[in-house]
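Welcome! Please take a look at the sequence and the 3D structure below, and then let this briefing walk you through them.

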Amino acid sequence: MKATLRIRLSSHDAHYGGGLVDGARMLGLFGDVATELLVRLDGDEGLFRAYDEVEFLAPVHAGDFIEITGEFTAIGRTSRRMRFEARKVATPRADISDSAAEVLAEPIVVCRASGTCVTPADKQRLPTLPPLVITAAICGAEVFRDATPYIPYTPEELAAEAVRCFDAGARVVHLHMREPDGRPSQRADLFDETSRRIRAERPELILQYSTGGAVGMGVPERADALKLGPDMCSLTMGSVNFGEDVFLNTEPLIRDIAARARAFGVVPELEIFDAGHVDTALRLARRGIINLPAHFDFVLGVPGGMSGSNDRLEFLVGLLPEGSSWSVAGVGRFELPLARLAVGMGGHVRVGLEDNLFVDKGVLAKGSYELVERVVAMATAFGRPIATPAQARQGLRLKP
Ligand code: KMH
Ligand code: ZN
């Protein structure tokens, strides 16, 4: 969760020669941002207890526009740690004329700080966010060994990776299959062997089979493994350009897969690549083709679909009917920033090599489990618990 404030400093704020604004003014603004964060989290303004670090990095003058941001870095039972930054974003240009001003090409950081606020337990009025369900999308259909040596192919490799992800905190595994040479596959015998191996080691892990498969596959191939009765399946709510290709999901195709899922008692997760896909889901629900409330997964950042900017996710979440649950799967560089946003918004998160190969810029993840670990660390810093397997089933409306 992040709060932002923009303010123009006036001659009333300036106390010194040259129109200089004192540093305490920045701390006052950090206090305002902290208050907004606490009101959003707790429904209470809380109390500022202490700063542990304050750095003044550049002067601020009357007439400067300052943007102040704050975010939580850790949330305890009553303590809320935050970090703040103040940036100068626009400034007067008295050297040009008495009314000239400009937006800075690069904002100048003028002050940074971190500190702790407290909201007493009896003042915390808002419900806590639900335990976080992390889905690991461990191989997909588009990533091959030329891009990363860590992508699993065989049932044995897929199961071992699924176990590592569960142990790291994932509660759902989104599964595609591969032929021994790595070609994407939806063969039921491969799903069966992989599922048996996973269930033998981590029976609590929720198994979600892809029905998207790979671009160009037809329904019989994409959906054949549903006859094995996994806990869940993916079900995409419309077609979308997919890089140079089209990921085709006509309405008859969606109806066909939805009917098969229903017949085998498989709960669909509704995959949303674009805003119209939410509208399609609502329309199909009115016609009884899918059930609501449902779990929606926003796949953001596919070239051809909706981008992975924060405002896209916030907009999509606002479209969901009451009682829905949702997760976000950010593609590529969007994966971890969107995961962080979802943790703060009360949604759930999908990560894994299907969507993103890197744990840091230029650093390959050694497996999807490393990305799961990152999300667990974010949630822990935010004070959001990781769902137990039973809580994950409850949150996703699955049979216990
Ligand atoms: N491989 C993509 C074309 C899903 O699993 O349901 C589709 C996909 C979605 O991965
Ligand atoms: Zn997939």
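Helices here are DSSP runs of H or I with at least four residues, strands are DSSP runs of E with at least two, and both are numbered from the N terminus. This is a predicted model, in which local features need pLDDT of at least 70 and side-chain atom pairs count only at pLDDT 80 or more, while totals for chains, interfaces and linings use all residues. Residues are numbered from 1 along each chain as its sequence is written, and chains are lettered from A and ligands numbered from 1 in the order in which they are written.

**The chain as a whole**

- The protein chain holds ten helices and 19 strands.
- Taken along the principal axes, its C-alpha atoms fill a box of roughly 80 × 50 × 45 Å.
- Of the 400 residues in the protein chain, 43% are buried. A residue is called buried if 20 or more other C-beta atoms, placed from the backbone, lie within 10 Å of its own, exposed if 12 or fewer do, and partly exposed in between.
- Contacts between residues at least 6 apart in sequence join residues at least 24 apart in 71% of cases. A contact means that the C-beta atoms of two residues, placed from the backbone, lie within 7 Å.

- Five strands form an open sheet in the order β1-β3-β4-β5-β2, with antiparallel pairing. Strands pair if DSSP finds at least two bridges between them.
- β1 (2-8) and β2 (47-56) stand at the edges with a single partner strand each, so one side of each has no neighbour in the sheet.
- On average, neighbouring strands of this sheet are turned by 25 degrees against each other, direction ignored. Axes are lines fitted to C-alpha atoms, for helices over the stretch in contact, and angles run from 0 to 180 degrees between N-to-C directions.
- The antiparallel strands β4 (residues 79-92) and β5 (residues 101-118) are joined by 13 bridges, and Lys-88 stands opposite Ile-108 in β5.
- Helix α1 (residues 23-42) lies across β1, β2, β3 (65-75), β4 and β5, at about 50 degrees to β3.
- α1 has 20 residues and reaches 28 Å from its first C-alpha to its last, close to the 28 Å expected; the expected span is 1.5 Å times one less than the number of residues.
- Among the buried residues of α1 are Met-26, Leu-29, Phe-30, Val-33 and Leu-37. An α-helix has 3.6 residues a turn, so residues three or four places apart point the same way.
- After α1 comes Gly-43, with a positive phi near 70 degrees.

**The barrel**

- Eight strands make a closed barrel, β6-β7-β10-β11-β14-β15-β16-β17, with parallel pairing.
- Six bridges link the parallel strands β15 (residues 295-300) and β16, where Phe-296 stands opposite Trp-326 in β16.
- Helix α7 (residues 310-319) packs on the sheet and touches β14 (267-272), β15 and β16, its direction making about 155 degrees with that of β15.
- β17 runs parallel to β16 (residues 325-330), with three bridges between them; here Ser-327 has His-348 as its bridge partner.
- β17 also runs parallel to β6, again with three bridges, and Ala-136 stands opposite Val-351.
- Both faces of β17 are covered, with His-348 and Arg-350 buried on one side and Val-349 and Val-351 buried on the other.

**Helix α9**

- Helix α9 (residues 368-382) has 15 residues and spans 22 Å from first C-alpha to last, close to the 21 Å expected.
- Its buried residues include Tyr-369, Leu-371, Val-372 and Ala-379.
- The buried residues of α9 pack against β6 (134-137), α2 (155-168), α8 (335-345), β17 (348-351) and β18 (358-360).
- Gly-383 follows α9 and has a positive phi near 80 degrees.

- Which residues come nearest to ligand 1? Of the 13 around it, they are Ala-141, Ser-210, Gly-212, Ser-234 and Phe-247; a residue is near if its C-beta atom, placed from the backbone, lies within 6 Å.
- Leu-292 and Pro-293 are joined by a cis peptide bond, with omega about -5 degrees, and Pro-293 lies in the loop between α6 (275-286) and β15.
- Arg-397 is not a glycine, yet has a positive phi of about 60 degrees. Arg-397 is found in the segment after α10 (389-395).
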